[in-house]
Amino acid sequence: MSDLPRLTKARIEAILSARFSDGFKSLKDLPDPFTLHDMERAAERIVRAVKGREKIAVVGDYDVDGVVSSALMEEFFEIIGYPAEVVIPNRFDDGYGVSPAILERIDADVVITVDNGITAVEAAQRCKARGIDLIITDHHTPPEVLPDAYAIVNPKKEACGFAYPEICGAQVAWFLIGALKRKLGIELPMGSFLDLLALAIVADVMPLVSINRPLVQKGLELLSRSRRPAFEAVRAHLGKERFGAEDIGFGIAPRINSAGRMEDASVALRFLRSGTLSEASGRWLELEALNRRRREVESETTDAAIAQARAEDPVIVVAGEGWHEGVVGIVASRLVDRFGKPAIVLAVEGDRAKGSGRSIGEVDLFALLQQSGSHLEGFGGHKMAAGLALKTDNLEPFRQAVCRAASRLDPAQFRPKANVLGELPMGEIDWELMEILERFEPYGEANLRPRFLLRDVEVADARCVGAEGNHLKLLLADSQGRTLDAIWFGCDETLGRGERIDVRGTLQVNRFNGRTSIQMQVAGISRR
């Protein structure tokens with residue numbers, strides 16, 4: 001890390017400002033919902049169905065974005081007093097999205113998809129044959145051939161001139177609600193949904209720049225005081241009153257996701273839509289139990305996947321009989337971290353394999369799957385993450401094809417994105433710097449929380465803390481005698497007083513026992 005720039009407060013502010021080259025957006029900059037292609041047609045058909053008392057069904061997805069999208073639509077129809085049916089597929093029984101299996105269970109005149117449907121060619125044909133008007137709302141990358149649906153609302157669609165295509169499925173659903181509100185001529189404060197919306201934007205790893213930033217900013221404020229029973233339960237169980245994007249990413253989202261991964265996403269939907277604090281608290285405990293089970297299964301599967309991986313391949317492709325389909329995406333992320341390459345993890349059942357892939361650096365995983373698609377039954381997703389299915393007979397041909405496609409890429413594309421902003425002298429760390437860092441929150445995708453390098457500092461004190469003694473509390477000192485508190489969570493190393501080290505980490509405000517201080521959260525160290 002010898003080539004890292006030496007930072008000052010002014011330089012940090014300039015680097016962070018460059019991420020927002022078009023300035024900070026505010027909620028008044030949100031585009032009109034009807035600038036989304038087919039929104040007019042979609043909203044007009046749904047309003048006609050409501051006024052004609054036709055049967056409406058909403059089909060969601062089993063991840064956080066899909067569950068939140070479903071919750072938004074369910075809440076909207078409840079507000080207008082309309083009995084729409086909301087269905088979330090079961091990952092294990094129904095497959096993904098508005099599948100033929102799901103359609104067998106639905107009796108409706110209009111089917112609305114949220115956070116899925118852009119690849120549902122067969123489902124669209126079945127809807128047409130049954131006289132069902134299918135309205136697709138999605139944000140995933142469209143295939144070359146679109147489903148023959150009544151309307152398709154997707155900001156990434158070629159015909160769509162929407163100004164901000166990098167939005168999640170719940171945001172598309174939220175814009176649909178805004179369009180329906182106008183068509184129906186009803187009063188409905190759209191800001192009342194932002195606590196839910198922030199959860200989806202962060203969990204689906206949307207870039208926290210442009211219009212996503214103010215939506216998450218306002219959503220986090222609302223989440224901290226929301227009277228929604230689900231979020232009252234979150235605050236009580238996590239012991240927090242103020243929330244940042246990281247609290248969603250590492251605290252709330254994994255628990256919401258665990259329902260669809262391990263059992264059925266309806267558990268998470270019912271949690272978000274809980275009517276009382278008591279109900280929400282009970283459902284949160286259900287999610288906690290599912291998340292604990294998810295972590296155990298994930299750990300076992302990761303070990304098995306690492307043992308099988310071919311480290312020399314440009315894309316790690318592994319498959320296992322009996323692997324839990326609900327954790328393969330997380331395991332793929334673990335393999336990316338371990339091998340520094342894109343990874344695809346597949347659960348085998350009989351003659352079929354289904355799974356997920358995760359990418360690294362600038363490698364476009366979706367494009368790699370397109371190039372090796374002749375071996376697949378289906379796939380979908382985007383540049384950094386995708387889902388896929390194939391016959392087990394095609395596993396080896398697929399591995400060879402995707403590796404061949406990846407071997408043609410520039411090796412620089414595989415380089416992980418730089419995650420250290422620069423070398424920070426301890427003398428620059430003060431409350432003025434913390435105010436600069438706070439100004440650019442919330443941090444997340446495309447606006448990563450700045451990580452700094454403290455070079456050649458002394459360990460003035462080191463002690464294990466936490467219930468299991470697995471966190472390391474440090475006091476760091478520079479050559480001028482300045483000191484900084486630091487915490488290293490889940491540390492498996494020991495450090496002795498007097499050792500000189502380089503430390504990588506982020507800065508945070510630590511509030512404990514009525515005392516407020518600046519603290520570094522350590523990501524890693526190098527001994528000198």
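**Words and cut-offs**

Colleague: Why is D247 called partly exposed?

Modeller: D247 has a relative accessible area of 21%. Buried means under 20% relative accessible area, exposed over 50%, and partly exposed in between, with a 1.4 Å probe and protein chains only. The value for D247 falls in between, so D247 is partly exposed. K240, at 27%, is partly exposed too.

Colleague: What sort of model is this, and how are its residues counted?

Modeller: This is a predicted model, in which local features need pLDDT of at least 70, side-chain atom pairs count only at pLDDT 80 or more, and totals for chains, interfaces and linings use all residues. Residues are numbered from 1 along each chain as its sequence is written, and side-chain values use heavy atoms, leaving out hydrogens and water.

Colleague: What makes K240 and D247 a salt bridge?

Modeller: A salt bridge is a side-chain nitrogen of Lys or Arg within 4 Å of a carboxyl oxygen of Asp or Glu. The closest N and O atoms of K240 and D247 are 3.5 Å apart, so the pair qualifies. The structure holds 50 salt bridges.

Colleague: How do you know that R235 and E241 form one of them?

Modeller: Their N to O distance is 3.9 Å, which is within 4 Å, so this pair counts as well. R235 is buried at 8% relative accessibility, whereas E241 is exposed at 54%.

Colleague: Where do R283 and E286 lie?

Modeller: Both lie in helix α12 (residues 277-308), 3 residues apart, about one turn of the helix. Helices (H or I, at least four residues) and strands (E, at least two) are DSSP runs, numbered from the N terminus. R283 and E286 meet in a salt bridge at 3.8 Å, N to O. R283 is partly exposed at 22%, and E286 is partly exposed at 35%. Elsewhere, salt bridges that share partners join E74, E75, E78, D195, R228, R270 and R273 into one network.

Colleague: Which residues of helix α1 are buried?

Modeller: In α1 (residues 9-18), they are K9, I12 and L16. They cover an arc of only 60° around the axis, taken from the directions from the helix axis to the C-beta atoms, so they are on the same side of α1. A10 and A18, on the other side, are exposed.

Colleague: Why are β6 and β9 said to stand at the edges of their sheet?

Modeller: The sheet is open, with 5 strands in the order β6-β7-β8-β10-β9 and mixed pairing. β6 (316-321) and β9 (378-381) each have a single partner strand, so one side of each is left without a neighbour in the sheet.

Colleague: How do you know that β9 and β10 pair?

Modeller: Two strands pair if DSSP finds at least two bridges between them. β9 and β10 (residues 385-391) have 4 bridges, in the antiparallel sense, so they pair. G381 stands opposite A386 in β10.

Colleague: What makes a nonpolar core, and which residues touch the most other members of the largest one?

Modeller: A nonpolar core is a set of buried Ala, Val, Leu, Ile, Met, Phe, Trp, Tyr and Cys residues joined through side-chain atoms within 4.5 Å. The largest has 100 residues, of which F77, F271 and L272 touch the most other members. Helix α6 (residues 169-184) gives the most to this core, with 9 residues. Another core, of 34 residues, lies apart from it and includes F20, L421, L454 and W488.
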